[in-house]
Amino acid sequence: MLSNNNSQTHHLFRQIIILDENVEFVGSDDLLFSTKELKDISVAKWFPFIESIHETLKIMKVSEEDVIFSRVESPAKYLPGSYDFSFIKIEKDGKEYIRWSIYDYTNVYSYLTKYQQLKNEKDIYRQKLEYRDRQLKDIKDFF
C-alpha cells in the first residue's frame, strides 16, 4: 500500500475526469491538463475521440467492465503523446457517472517503439548473416 506522500507523485501520469450520463463534464483532478477553460464546452468538442464513442458511453451500465482504448495518439491539441483511456460507469450518491481515466504512457510507448526498431534491425542483420552463411560452400569458408 502506498503512503499518502507517495500516492500523489505516483499518479501524476493519470488524470480522472467525471462525466454525467449525457457524457458531459462534471469534474476533473487536472493532473495532466487543466480543464478550467474547457468545463463549459462539450467534451466531444475538446476531445473529438469522445464523439466517436459517445453512444457507447451513454448506454454503459454500472455493472459492466471498463471500456479500454490503448495507445490513443495525440487525442487533443493540448495533450500530445500516447495515452490509454479507460471508461467505467460508476454510481455515487444514487446518481450514475462515467469515470474516464487518462493514462500518460508517452514514454512507455516511445521506448517500445525504439525497442521494436532495434529488434527489427537485429532481425534484418541476422537474416543477412544467415543468408551469407548459406552461400558458403566449403568448410574452410566458415573460418
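Which residues are exposed on the other side of helix 3? They are Glu51, Ser52 and Glu55, where exposed means over 50% relative accessible area, buried under 20% and partly exposed in between, with a 1.4 Å probe and protein chains only. Helices (H or I, at least four residues) and strands (E, at least two) are DSSP runs numbered from the N terminus. Before going further, note that this is a predicted model, in which local features need pLDDT of at least 70 and side-chain atom pairs count only at pLDDT 80 or more, while totals for chains, interfaces and linings use all residues. Residues are numbered from 1 along each chain as its sequence is written, and side-chain values use heavy atoms, leaving out hydrogens and water.

Let's stay with helix 3. Its buried residues are Phe49, Ile50, Ile53 and Leu57. Seen down the helix axis, these buried residues fall within an arc of 95°, so they line one face of helix 3; the arc is that of the directions from the axis to the C-beta atoms. The buried residues of helix 3 pack against helix 2, strand 3, strand 4 and strand 5, with contact meaning heavy atoms within 4.5 Å.

Now look at the strands.

Next come the aromatic rings. Rings of Phe, Tyr and Trp (its six-membered ring) pair if their centres lie within 6.5 Å; planes under 30 degrees apart count as stacked, over 60 as edge-to-face and the rest as tilted. By this rule there are 16 aromatic pairs. In one of them, Phe33 and Phe47 are tilted, at 5.9 Å centre to centre with 50° between the planes. Phe33 lies in the loop between strand 2 and helix 2 and Phe47 in the loop between helix 2 and helix 3, so the pair ties together parts that are 14 residues apart in sequence. Phe47 also pairs with Phe85: the ring centres are 6.0 Å apart and the planes at 75°, so this pair is edge-to-face. Phe85 belongs to strand 4, so here the pair ties together parts that are 38 residues apart in sequence. Phe47 is buried, at 0% relative accessible area, and Phe85 is buried with a value of 0%.

Finally, turn to the charges. A salt bridge is a side-chain nitrogen of Lys or Arg within 4 Å of a carboxyl oxygen of Asp or Glu, and the structure holds seven. One joins Asp29 and Arg14 (2.6 Å, N to O). Asp29 lies in the loop between strand 2 and helix 2 and Arg14 in strand 1, so this pair ties together parts that are 15 residues apart in sequence. In helix 4, Glu130 and Arg126 meet in a salt bridge (3.1 Å, N to O); being four residues apart, they are separated by about one helical turn. Salt bridges that share partners join Lys119, Lys122, Asp123, Arg126 and Glu130 into one network.
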